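Subject: the model I promised

Hi,

Here is the structure we talked about. Have a look at it first, then read my notes below.

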Amino acid sequence: MSAWWAGLAPRERIVLAGGAMLLVLVVLWLMIWEPLAQKREQLRADISALTADLSWMEQVASQVKRRAAQQGSASNGAAAGGSVLTLVEVSARAAGLRESLERVQPEGQGARLWFNETSFDGLLRWLAELEQRHGLQISQLAVDAGTAPGVVSARVLVEPRQ
């Protein structure tokens with residue numbers, strides 16, 4: 001290779017060296033610089049799109065929270081409106097308190113309940129379940145000691161959570 005190079009005229013060497021440098025520059029441009037520049041532009045476009053999405057989400061977030069609150073209160077209202085009585089009856093039966101539930105009377109949006117000779121622990125578990133699982137609140141509770149230890153009579157006002 002060096003013999004071939006030495007055999008070239010000085011002008012040919014300059015032309016070949018310039019061409020080789022130009023070829024190296026073109027290869028570097030096409031293989032390194034251009035892909036990096038394209039990737040940078042793509043990232044800028046992605047950032048713009050994501051920024052627009054973020055601003056839209058921030059604008060809509062309050063509406064989503066408001067609608068979720070409305071739907072939550074609507075579902076609580078629906079559960080509380082006409083079906084509090086049904087919910088109380090079904091859940092009392094499931095908790096084993098139906099036999100001691102003497103009377104259920106509608107009152108406002110809720111229900112007033114009378115229990116006679118029921119387990120205090122079972123009653124409290126059931127009331128906690130009504131509050132935690134079913135979105136109801138215990139507005140009034142009056143408990144009287146029963147004839148045996150751990151047995152009580154109770155009057156309860158259950159209403160939808162406001």
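A definition before the sheet: I call two strands paired if DSSP finds at least two bridges between them. Helices (H or I, at least four residues) and strands (E, at least two) are DSSP runs, numbered from the N terminus. Bear in mind that this is a predicted model, so local features need pLDDT of at least 70 and side-chain atom pairs count only at pLDDT 80 or more, while totals for chains, interfaces and linings use all residues. Residues are numbered from 1 along each chain as its sequence is written, and side-chain values use heavy atoms, with hydrogens and water left out.

**The sheet**

Four strands make an open, antiparallel sheet in the order β1-β2-β4-β3. At the edges sit β1 (101–107) and β3 (136–145), each pairing on one side only. Going across it:

- β1 and β2 are joined by 6 bridges, with glutamine 105 opposite arginine 112. Their hairpin has 2 residues between the strands, and glycine 108 there takes a positive phi near 65°.
- β2 and β4 pair over 7 bridges; phenylalanine 115 has alanine 154 as its bridge partner.
- β4 (residues 151–160) and β3 share 9 bridges, and leucine 136 faces proline 160.

β2 is mostly covered, with 7 of its 10 residues buried (buried means under 20% relative accessible area, exposed over 50%, partly exposed in between, with a 1.4 Å probe and protein chains only).

**The helices on it**

α3 (residues 84–94) lies across β1, β2 (110–119), β3 and β4, at about 160° to β1. α4 (residues 120–134) also packs on the sheet, touching β2, β3 and β4, and its direction makes about 155° with that of β2. Here contact means heavy atoms within 4.5 Å; axes are lines fitted to C-alpha atoms, for helices over the stretch in contact, and angles run from 0 to 180 degrees between N-to-C directions.

Which residues of α4 are buried? They are Gly122, Leu123, Trp126, Leu127 and Leu130. After α4 comes glycine 135, with a positive phi near 70°.

The unreviewed UniProt entry annotates residues 14–33 as "transmembrane region"; its positions are given in the numbering used here, feature names are shortened, and annotations may be inferred rather than shown by experiment. In the model, residues 14–33 are 100% helix and 0% strand, with the end C-alpha atoms 27 Å apart.

Cheers
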